[in-house]
Amino acid sequence: MVSPILELTNINKSFGHVHANKNINLTINKGTIHGIIGENGAGKSTLMSIVFGLYQANSGTIKVNGKEINLRSPKDSIINGIGMVHQHFMLVENFTVLENIILGFEGELVFGKNLEKAKKDLKDLCDTYKLNIDLNSTISDLSVGFRQRVEILKSLYRGAEILILDEPTGVLTPQEVDELFKILRSLKEEGKTIVLITHKLIEIMDLTSEVSVMRQGEMVGHTKTENTNKEQLAEMMVGRSVLLRLDKSEVKAGEVSFKVKNLTVKDDLDVTRVKNVDLEIRSGEILGLAGVTGNGQTELLEALSGIRKVESGEIYLEGKKVSDSQNFLDPRELKDKGLAHVPEDRQRMGLVTDFKAYENLIFGYHDQQPFSKSSVLNHRDIISHSKKIMEEYDVRPQSPNLITSNFSGGNQQKIILSRELNENPKVLLVGQPTRGVDIGAIEFIHQRLIDMRDRGAAILLVSVELDEVLSLSDRIVVMFDGKIVGEKDNINVTDRELGLLMAGVV
Amino acid sequence: MEFLSDIASLINSTLRISTPLVFAAMAGIFAERSGVIDFSLEGKMLMAAFVAAVGSYFLGNPWLGLLLAIIACVSLSMLHGFASVTYKGDQVVSCVAINILIIGLTTALAAAWFGQAGLTPTLNEDQRFLEVNLPFAESLRDIPIVGTIYSDILSGHYIFVYLAYLSVPLVFWVVFKTSFGLRLRAVGENPSAVDTAGINVFAMRYKALAINGVLIAFAGAHLSTAVNANFFREMSAGRGYLALAAMIFGKWHPKTALFACLLFGFTDALQIRLQGVELPAIGEIPVQLIQAIPYVLTVVLLAGFVGKAIAPNAIGQPYIKER
């Protein structure tokens, strides 16, 4: 007998002018894994933050086990058995696992008896769900996968019957995803209800029994997972049919146009993050660099683009040495030599988000003809160029005068991409091109990168999205702990093989 | 023997001079561990000194003066909280505003009430705190070493000196051994984690600021109703900033902050001691140079060593819940 454990009726939520949730109705049955799928900005996280009491809905009712409840803060949700694992973990990094879990639920003013009891209860929970967590380790020493388990354990300790997970797999290796799914299935067997928020269709198909689809703040469909397929779900998400597979012509690689020899790079804290890396990228090919976040990709990209000092080793552009530990070209000089860079963190390094779109569209090229003459900006030409390029790259809305932070993630990325690709670079370094970008825009950005490659550019693609690396790259290298631990031609390679390399197992 | 008594008196003054620094550093630990920068220790200390002196003068009891100083400092802390926690203003600006306000306010009120700009009337013995002589201090003085330590170093201080050094283990206990302390540290590191644990972030920061106000009041009262018998203009003389430096140097930890305070107190005691002293080969060192020692030390310590001190992660950032 299925009985609803969570019922949402007519939920509305606005942030200023943005109507993030419109008349949302949702019923979640007890003991199921229920998927909520939608593009970035569809309102999934907002909805679940309302259920968790973090945001308050403008209108609508929430029932748990048939009883209407009033959620003013996360405390109310926790009391009603709702737990949430956020996309960005809510953990205090310099606290131990134990401290993080008991925070707010200490049960005593001065630590003593209850602390001992908590330790025992937590050990039992760890055993039941095979979480394998050491309560005394400090969060900052734990891998992302383990931090996520701490979050799950935290919710369970606080008595969660409904566990909401917001994009839980974004930061995990395929093996870690398997482990997580195992844990989630065992939670379901113990009678817990799981709500999985994701934009990855494969996870919905793998794990859930029911699925709800959101688009632009509205709930556009509910169905049993067995009655649907990926194509249908994608279409519901985007509102039109989507190409899930990329059309890619065979690689016609030319000469080596970018070469890295024995490169070592340190980070700001003087820790060596890139260790003796060798890379070669030929014109007309995309080299994918896979790896779990924080294994030196960021520092590598920064060194290659001239932002970070090279500790030792050499970088060659079209056969000519451009950087070593003594002499190096700065980003501007590299740009002049035909190297373009789409940085990983677009809001921090790619854009000045408080500036207008047309300003961001010419940054780095603003002192060149026709944008400026004798150091004075040529406003009219800049605007007409901006209009033209925004149309070409389908940046929406097409208003050069709009402040950049008002564009969606996907459109911000298109602004950067159009700026860098417009110069027809010989070498293109791209970091996380589709992080936080919706499906429609991903399709567009991927197609543009393929076009660049077909026109003979050498492209280095750094991404933590394995699917992206697999679908775009001609060759794949895997980075782990600052070293290149494997290289594969992208013909029969599977995500499992790469996952093992990413985890440093092989 | 004279050397020994020199050492004893140096330690004795170190303990006394460090007292307001210790209170202020402990006050700073509460505010900053909760994620709120407190540059206004200086202004609050000055306010406490003024209110304690005036209150004690009118009410005839230094304890009542202290009570009023506590009320005044907690109010200022709440003002800081109102501006920077509730209204999410810039915390440094709020502190600077408080500091400037207090310098002007104390001077003006003293002029209005007592006709002297920035000076309050001298307190008589009933209106101020007196030195506390520990039991048997006189009779034990002649015992070598132990007697010197007990009678010349430990005995004969104002009550605040003892309270200051007792406050350190108490602060340590509260911050590291109680659930309040756990929440306090968490809210300064990651307020979102505290919020999602069902704890009110703003309430936690206000509580921390209230404790901060109480502690800093003791520092001010010590200056105007114990070591001195009146308030004078800008009598806090940068001690609030010095305490802040000690707290940072002590990595926001009560024990190490205590040592930093003692170090600053010691250099100050040393410079007083060195004034007018002829050193072999060098001769008499100009007094200005000697007086600069504590400040030079502050700069050197902060510039040279503090690089490794890691501040609470969320310090200075107002907590914004909704985007």
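1. In chain B, 78% of the contacts (heavy atoms within 4.5 Å) with a separation of 6 or more are between residues 24 or more positions apart. The model is predicted: local features need pLDDT of at least 70 and side-chain atom pairs count only at pLDDT 80 or more, while totals for chains, interfaces and linings use all residues. Residues are numbered from 1 along each chain as its sequence is written, chains are lettered from A and ligands numbered from 1 in the order in which they are written, and side-chain values use heavy atoms, with hydrogens and water left out.

2. The C-alpha atoms fill a box of roughly 70 × 50 × 40 Å along the principal axes.

3. Of the 323 residues of chain B, 50% count as buried (under 20% relative accessible area, with exposed over 50% and partly exposed in between; 1.4 Å probe, protein chains only). Chain B exposes about 14100 Å² (Shrake-Rupley method, 1.4 Å probe), of which carbon and sulfur atoms supply 68%.

4. Chain A is divided into domain 1 (4-238), domain 2 (252-338 + 425-506) and domain 3 (350-424), with bounds from an automatic or database domain assignment. The centres of domain 1 and domain 3 of chain A, taken over C-alpha atoms, are separated by 39 Å.

5. Strand S20 (residues 458-462) of chain A is largely enclosed by the rest of the structure, because five of its five residues are buried. A:Ala458, A:Leu460 and A:Val462 cover one side, and A:Ile459 and A:Leu461 the other.

6. S20(A) pairs in the parallel sense with strand S13 (residues 286-290) of chain A over four bridges (pairing requires at least two DSSP bridges); here A:Leu289 has A:Val462 as its bridge partner. S20(A) also pairs in the parallel sense with strand S19 (residues 427-431) of chain A, over five bridges, with A:Leu461 as the partner of A:Val430.

7. Strands S21 (residues 475-480) and S22 (residues 483-489) of chain A run antiparallel and are joined by six bridges, with A:Met479 opposite A:Ile484. The two strands form a hairpin with two residues between them, and A:Asp481 in the turn has a positive phi of about 50 degrees.
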